[in-house]
Amino acid sequence: MVERGSASSVATFFSSSPPVSGGITTLGEDAAHHMRVRRMSATERVRIIDGAGTIAFGLLIRLAKNHAAVQVEEVVHVHPLPEIHMLVPIADRDRMLWLSEKSAELGATTWRPVMWRRSRSVTPRGEGPTFQAKVRARMISALEQSGGAWLPTAYPEAPLDRAIAAAPEGTRLLLDALGEPLLGAPRAAPFVIAIGPEGGLDDSEREALLEAGFIPVAIAATTLRFETAAIAGLAIARALAGTREAADER
């Protein structure tokens, strides 16, 4: 089993390839820079994650300007948390990036931005391949800091009909100040949580979600900003779904 104190006491770095027990994992320039900032030296113990459930522990054996090499000693695999899928609005870039960090920290399974009708009036809004790369980088940084093992799968932006078609089956929730209390009835994972844009949904969008089985639920008596609503909804759903991870040695 993975020791829960390990993530906080040992520096964690992301690897795009799975570490192999007994092998050497080469980390990139960003990791090398962070190691130099931390004044790390050879033989220090480090923790490596790949975002797909693999956690490895090993010793730093080489620190160069553009890379670092780690001798991997132990590898475990963490099973994924109960699924929570996020349909987030395309909105202000900075607020979306903040939300992406928190979604990674709270263990969201997937992240899919939706182009609502009111999303089109936002500027500057978060969309396109360059912004998607920034979202992924923020999520990786948040995963390293939080000690998680699974990186949310971040999908490109989509219109509502495509987002609904791609949403998995499960408990489908639409965050809505006029809905029933989220905690008012039993809920079970997997969850799909839809968050509307600033200014709210139009009637056709709301009807499409209701026809697809989304249940309007409220998490506050006031109207929340989209990122506040998303984080609160995700946190409540994570508490309902459970946070326990099981780790097995490979």
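This is a predicted model: local features need pLDDT of at least 70, side-chain atom pairs count only at pLDDT 80 or more; totals for chains, interfaces and linings use all residues.
Residues are numbered from 1 along each chain as its sequence is written, and side-chain values use heavy atoms, with hydrogens and water left out. Local features need pLDDT of at least 70, side-chain atom pairs count only at pLDDT 80 or more, and totals for chains, interfaces and linings use all residues.

**Helix packing**

Two packed helices are described by the angle between their axes and the distance between the axes. Helices (H or I, at least four residues) and strands (E, at least two) are DSSP runs, numbered from the N terminus. Axes are lines fitted to C-alpha atoms, for helices over the stretch in contact, and angles run from 0 to 180 degrees between N-to-C directions.

| Pair | Angle | Axis distance |
|---|---|---|
| Helix 3 and helix 4 | about 40° | 8 Å |
| Helix 3 and helix 7 | about 10° | 10 Å |

Helix 3 spans residues 93-105, and helix 4 spans residues 129-146. Contact means heavy atoms within 4.5 Å. Helix 3 meets helix 4 through residues including M96, L97 and W98. Helix 4 answers with residues including F131, V135 and M139. The residues of this contact divide into 9 nonpolar, 3 polar and 5 charged. Here Ala, Val, Leu, Ile, Met, Phe, Trp, Tyr, Cys and Pro count as nonpolar, Asp, Glu, Lys and Arg as charged, and the others, Gly among them, as polar.

Helix 3 and helix 7 are roughly parallel (angles under 35 degrees). Their contact uses R95, M96, W98, L99, K102 and S103 of helix 3. From helix 7 come F226, E227, A230, I231 and L234. This contact holds 7 nonpolar, 1 polar and 3 charged residues.

**The second largest pocket**

A pocket is an open set of points on a 1 Å grid over the protein atoms alone, where a 1.4 Å probe fits, with protein on both sides within 12 Å along at least five of seven lines. Lining residues have an atom within 4 Å of a point. The second largest pocket holds about 450 Å³ of space. Its lining has 23 residues, and L175, D176, A177, T223 and L224 lie nearest the centre. Strand 10 gives the largest share of the lining, 4 residues. The lining divides into 13 nonpolar, 5 polar and 5 charged residues.

**Backbone details**

The peptide bond from T123 to P124 is cis, with omega near -10°. P124 sits in the loop between strand 7 (110-115) and helix 4. The bond from A189 to P190 is also cis, with omega near 5°. P190 belongs to the loop between strand 10 and strand 11 (191-194). R39, a residue other than glycine, has a positive phi near 60°.

Technical notes: Grid points are joined across faces, edges and corners, and a volume is the space filled by probe spheres set on the points. Angles under 35 degrees count as roughly parallel, over 145 as roughly antiparallel, 65 to 115 as roughly perpendicular and the rest as oblique.
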